[in-house]
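Biologist: I am new to this structure. Please show me how to read it, feature by feature.

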Amino acid sequence: MNKNKSNPYGIKTPTSIKEFRENLQKYYLCISNGNYEKIEENSLLVKDCGGIELNKISSFNEIYEITESGFYGDGSSPSIIPKITEKKDLLEYMNETDQVFSSGSYFYDEKNYTLWEGKEKHNEFLNNGNPMYFTLDNQHLREFYMMTLGDYSGYEYREVN
C-alpha cells in the first residue's frame, strides 16, 4: 500500500483476516445462500462459481484455489463485482494524467467513482450502480484491491524511481 496517501471514502485497509472478510462484504457484491437480492451477505459472488462463503476466504490466492483457476487450474482469473460505479472514464483519466499503461491514483480521488459501501447501499447498487464483473488480475482494479483488501489481495505498492 502506498503509505503516503490516505484512502478515500474512509476505507480502512485491512490488517487481519477478519478485517479482510469485512471489507469483502462492504466493498464487493456478496450474496446470501445463492440469492444476490438478499442483504444478509455471507458469500462472495464469483462469476461462473456462485458464492464462496466468506469464512472460507483468507486471500485472493484462496479464491483461485477454490475456483481451480490460475496456477491451481486452467490459468484463468476469477471475476468479482466491486461495488463501484465509474464517474470519470478510465481512459479519460489516463489521458489527463499522461499515463499510458496504468491508471495510478484513479481510486484515490472520490470524484472519479462512486463507492456503494455497506448493506444499506446493496439494493441501490444493484438497481442503479451498473454492477460489473472484474477479474482478480485486472490491472486497473489492483489499486482498489490493494486499498480495500491490503496484503490479502496479493498485490503491493512499489515506488518506481
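Modeller: Start with contacts. A contact means heavy atoms within 4.5 Å. Now the case here: among contacts in the protein with a separation of 6 or more, 63% join residues 24 or more positions apart. Keep in mind that this is a predicted model.

Biologist: How many helices and strands are there in the protein?

Modeller: There are 5 helices and 7 strands. Along the sequence, they follow the pattern α-β-β-β-α-β-β-α-β-α-β-α.

Biologist: What share of the residues counts as buried?

Modeller: Buried means under 20% relative accessible area. Of the 161 residues, 43% count as buried. The accessible surface of the protein comes to about 9,100 Å². Carbon and sulfur atoms hold 46% of that surface.

Biologist: Which residue caps the N-terminal end of α2?

Modeller: S59 does. A side-chain oxygen of S59 lies 3.3 Å from the backbone nitrogen of N61. After the helix comes E68, with a positive phi near 55 degrees.

Biologist: Now a strand pair. In which sense do β2 and β3 pair, parallel or antiparallel?

Modeller: Strands pair if at least two bridges are found between them. Strand β2 (residues 43–46) and strand β3 (residues 50–53) have 4 bridges, in the antiparallel sense. V46 stands opposite G50 in β3.

Biologist: Which residue of that hairpin takes a positive phi?

Modeller: The hairpin has 3 residues between its strands, and D48 takes the positive phi. The value is about 65 degrees, although D48 is not a glycine.

Biologist: Is D48 buried or exposed?

Modeller: Exposed residues have over 50% relative accessible area. D48 is at 78%, so it counts as exposed. N130 also has a positive phi, near 55 degrees, and is a residue other than glycine. N130 sits in the loop between α4 (122–128) and β7. At 51% relative accessibility, N130 counts as exposed.

Biologist: On to the rings. How is an aromatic pair described?

Modeller: By the distance of the ring centres and the angle of the planes. The structure holds 12 aromatic pairs. One of them is F107 with Y113, an edge-to-face pair at 5.0 Å centre to centre and 65 degrees between the planes. F107 is buried, at 3% relative accessible area. Y113 is buried too, at 1%.

Biologist: Why is the pair of W116 and F125 called tilted?

Modeller: Planes under 30 degrees apart count as stacked, over 60 as edge-to-face, and the rest as tilted. The planes of W116 and F125 stand at 50 degrees, so the pair is tilted. The ring centres are 6.1 Å apart. Both W116 and F125 are buried.

Biologist: Which residues do ring pairs link into a cluster?

Modeller: Y9, Y28, F60, Y93, Y106, F107, Y113, F144 and Y145.

Biologist: Where is Q99, and what does Q99 touch?

Modeller: Q99 is in the loop between α3 (90–96) and β6 (113–115). Q99 is buried, with a relative accessible area of 18%. Not counting residues up to four places away in sequence, Q99 touches Y93, M94 and G104. A polar atom of the Q99 side chain lies 2.8 Å from the backbone nitrogen of G104.

Biologist: Last, T135. Which residues is T135 in contact with?

Modeller: Leaving aside neighbours within four places in sequence, T135 is in contact with S77, P78, S79 and Y145. T135 and S79 are 56 residues apart along the chain, yet their C-alpha atoms are separated by 4.0 Å. T135 is found in strand β7 (residues 134–135). At 25% relative accessibility, T135 counts as partly exposed. A polar contact of 2.7 Å joins the side chains of T135 and D137.

Conventions:
Residues are numbered from 1 along each chain as its sequence is written. This is a predicted model: local features need pLDDT of at least 70, side-chain atom pairs count only at pLDDT 80 or more; totals for chains, interfaces and linings use all residues. Side-chain values use heavy atoms; hydrogens and water are left out. Helices (H or I, at least four residues) and strands (E, at least two) are DSSP runs, numbered from the N terminus. Buried means under 20% relative accessible area, exposed over 50%, partly exposed in between (1.4 Å probe, protein chains only). A polar contact is a pair of N or O atoms within 3.5 Å; within protein, one must be able to donate a hydrogen and the other to accept it, and residues adjacent in sequence count only if both atoms are side-chain atoms. Accessible areas come from the Shrake-Rupley method with a 1.4 Å probe; for residues, only the protein chains shown count as cover. Rings of Phe, Tyr and Trp (its six-membered ring) pair if their centres lie within 6.5 Å; planes under 30 degrees apart count as stacked, over 60 as edge-to-face and the rest as tilted.
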